[in-house]
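Good morning, everyone, and thank you for making the time. Could I ask you to bring up the sequence and the structure, so that we can go through them together?

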Amino acid sequence: MNQEKIGRYIALCRKEQNLTQEELGSKVGVGYKAVSRWETGNGLPDVSIMQPLCNILKISVTELLNGEKTKDESKKDTAVVDYLKYQKLKNKKNIFLTVLGSILIIFVGCLLCYFINNYGKVEVYRLNGESDLFEYSDALFLKSNMKHIFVDGTITTKDGNIHDDDIISVSLKNNEELIKSNTGIKHQVNIEKYGYGEYFSKNAINNIDSWVIEVKYMDSNDSEKTDIIKLKNELILKNDRLINKINQEISSNDEGARKEIKDIQDARIKKMNSIVEKFNFEEEPDNSTLYYKKISKNETFFIRKDASEVIYYCPEYNVISEFTGTSHLFRYNKKDYSFFYDPSTDKIECNSKQCPNDVYEIAKSYVDLFEKYFA
């Protein structure tokens with residue numbers, strides 16, 4: 001079927017009837033632009049108006065489809081068959097476009113719903129605060145439309161007369177509304193589904209600026225006291241970007257710091273390996289991350305293979321030397337008391353209500369013992 005030929009024939013017949021495109025279109029119920037498309041070969045009249053159109057142009061449907069006057073019956077059949085094929089192909093195309101359009105609409109709708117429900121709905125806050133007596137640091141709160149997660153921060157005393165053992169409870173509150181409470185200073189991670197409301201009510205979620213930490217503790221007179229820490233929140237993450245760039249650049253300062261840390265770690269491990277070899281340390285049978293050496297019947301040294309700790313152990317107590325950067329931090333643990341000693345500052349921090357009067361001498365004696373083997 002030759003659409004251009006049909007178009008030229010429609011134009012010829014229209015002119016023979018002394019009709020304009022607008023007049024012909026008006027007679028069959030279409031606009032002049034539709035008639036123009038037929039005559040330029042960019043379309044065919046719809047089957048519903050084909051017979052009225054032929055009546056106006058004083059031609060047969062077969063002649064219209066052939067694009068010429070004809071008396072040949074075979075051409076009549078061919079024209080009808082060609083037109084039916086054309087309509088079938090057109091219908092298939094329309095069905096395909098309809099299905100494709102529907103799929104696109106559904107996809108865009110789902111994408112839009114997901115975007116509306118999730119864009120900007122995930123927020124992560126860092127929470128810090130301090131009072132005259134306590135400091136609370138590095139708590140994390142994740143707020144989303146699926147879950148709320150709170151990770152406890154670290155609480156430390158600023159008053160030398162208050163120790164960790166004196167703390168009765170640490171509670172998170174929204175003004176006077178209790179969100180959660182911990183006994184002592186233990187750390188917890190609280191996870192709650194959105195809308196459940198056991199910990200995080202709608203009022204609490206919408207008023208993070210009003211959150212406080214309430215610390216209950218025993219003072220030196222064994223009286224229960226309460227201290228309030230006002231929390232400051234810092235928004236550190238939010239999913240409010242359509243495209244996130246991956247930052248693959250490392251600043252010269254970061255690169256230098258990493259190299260310095262790696263050099264320190266390599267030097268520590270190298271030194272530990274020489275000590276293991278020198279004093280005949282053996283691999284711990286029950287823990288593949290440790291070397292050990294018994295220095296007496298009840299005394300044992302352990303060394304972590306990554307050189308992060310040296311541990312002195314005996315049945316009554318143990319002393320742990322932690323490597324923090326380029327210095328050491330000693331932890332002394334006994335049943336009745338414990339303390340930290342930092343040789344770089346020569347300061348002792350007692351973590352119990354009472355430490356013996358000779359705690360400094362105890363610390364120095366173990367520093368000397370460690371240096372005998374590991375200096």
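Predicted model: local features only at pLDDT ≥ 70, side-chain atom pairs only at ≥ 80, totals over all residues.

Residues are numbered from 1 along each chain as its sequence is written, and side-chain values use heavy atoms, with hydrogens and water left out.

The protein has nine helices and 18 strands, where helices (H or I, at least four residues) and strands (E, at least two) are DSSP runs, numbered from the N terminus. Of its 375 residues, 34% are buried; by buried I mean under 20% relative accessible area, by exposed over 50%, and by partly exposed anything in between, with a 1.4 Å probe and protein chains only. The protein exposes about 24100 Å², of which carbon and sulfur atoms supply 51%, and these areas come from the Shrake-Rupley method with a 1.4 Å probe, with only the protein chains shown counting as cover for residues. If we take the contacts (heavy atoms within 4.5 Å) with a separation of 6 or more, 45% of them are between residues 24 or more positions apart.

Let me turn to helix H2, residues 21–28, whose buried residues are Leu24, Gly25 and Val28. Seen down the axis of H2, these buried residues fall within an arc of 100°, so they line one face of the helix; the arc is that of the directions from the helix axis to the C-beta atoms. As a reminder, an α-helix has 3.6 residues a turn, so residues three or four places apart point the same way. The buried residues of H2 pack against helix H1 (3–16), helix H3 (32–39) and helix H4 (47–57), whereas on the other side Glu22, Ser26 and Lys27 are exposed. Just after H2, Gly29 takes a positive phi of about 85°.

Now for the strands, and in particular strand E8, residues 211–218. Six of its eight residues are buried, so E8 is largely enclosed by the rest of the structure. Which strands pair with E8, pairing being counted if DSSP finds at least two bridges between two strands? Strand E5 (residues 167–174) runs antiparallel to E8 and is joined to it by seven bridges, with Val170 standing opposite Val215 in E8. Strand E9 (residues 224–230) also pairs with E8 in the antiparallel sense, over seven bridges, and here Ile229 in E9 is the bridge partner of Ile213. The hairpin of E8 and E9 has five residues between the strands, and in it Asp222 takes a positive phi near 60°.

How many salt bridges are there, if a salt bridge is a side-chain nitrogen of Lys or Arg within 4 Å of a carboxyl oxygen of Asp or Glu? The count comes to eight. One of them joins the side chains of Glu214 and Lys173, at 2.9 Å from N to O. Glu214 lies in strand E8 and Lys173 in strand E5, so the pair ties together parts that are 41 residues apart in sequence. Glu214 is buried, with a relative accessible area of 12%, and Lys173 is buried as well, at 13%.

Another salt bridge brings together the side chains of Lys180 and Asp152, again at 2.9 Å from N to O. Lys180 lies in strand E6 (residues 177–183) and Asp152 in the loop between strand E3 (147–151) and E4, so this pair ties together parts that are 28 residues apart in sequence. Both Lys180 and Asp152 are buried. In strand E6 we also find Asn182, which counts as buried at 4% relative accessibility. The side chain of Asn182 makes a polar contact of 3.2 Å with the side chain of Lys180, a polar contact being a pair of N or O atoms within 3.5 Å; within protein, one must be able to donate a hydrogen and the other to accept it, and residues adjacent in sequence count only if both atoms are side-chain atoms.

I will finish with Glu123, in strand E1 (residues 123–130).

Conventions
Pairing = 2+ DSSP bridges.
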